[in-house]
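Me: Hi! Could you walk me through this one? Let's start with how you define things.

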Amino acid sequence: MNIAWFLIVSALMFSLGAVGVMIRRNPLVILLCLELMLNAGNLALLGFSRMWGDGDGQIFAVIVMVVAACEVAIGLGIIVALY
């Protein structure tokens with residue numbers, strides 16, 4: 001599979017997430033759109049890792065997923081506390 005497909009899907013996911021962050025006013029939807037943007041970055045990292053044939057991109061993708069999980073836990077806690 002060509003790297004271009006990974007990057008096209010990643011760019012589409014990232015742009016959908018960015019549009020969702022800019023348009024929506026609901027904090028929960030904004031968090032979900034941020035997650036979509038982080039997953040788009042993960043997809044690009046995995047595509048480059050596959051292209052180069054090493055595991056560095058996969059390690060960075062796991063780190064990004066840990067940061068995303070922490071962001072969701074803290075963000076949802078703040079949203080629940082406010083409402």
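Reply: Happy to! Axes are lines fitted to C-alpha atoms, for helices over the stretch in contact, and angles run from 0 to 180 degrees between N-to-C directions. Helices (H or I, at least four residues) and strands (E, at least two) are DSSP runs, numbered from the N terminus. This is a predicted model, where local features need pLDDT of at least 70, side-chain atom pairs count only at pLDDT 80 or more, and totals for chains, interfaces and linings use all residues. Residues are numbered from 1 along each chain as its sequence is written, and side-chain values use heavy atoms, with hydrogens and water left out.

Me: Thanks! How many helices and strands does the protein chain have?

Reply: There are three helices and zero strands.

Me: And at what angle do α2 and α3 cross?

Reply: Roughly 175°, and the axes of α2 (residues 27-52) and α3 (residues 56-82) come within 8 Å. The two helices are therefore roughly antiparallel (angles under 35 degrees count as roughly parallel, over 145 as roughly antiparallel, 65 to 115 as roughly perpendicular and the rest as oblique).

Me: New topic: is Ser-49 buried or exposed?

Reply: Buried, with a relative accessible area of 3%. Buried means under 20%, exposed over 50% and partly exposed in between, using a 1.4 Å probe and protein chains only. Ser-49 sits in helix α2.

Me: What does Ser-49 touch, leaving out residues up to four places away in sequence?

Reply: Asp-54, Gly-55, Asp-56, Gly-57 and Gln-58, with contact meaning heavy atoms within 4.5 Å.

Me: What share of the whole chain is buried?

Reply: Of its 83 residues, 23% count as buried.
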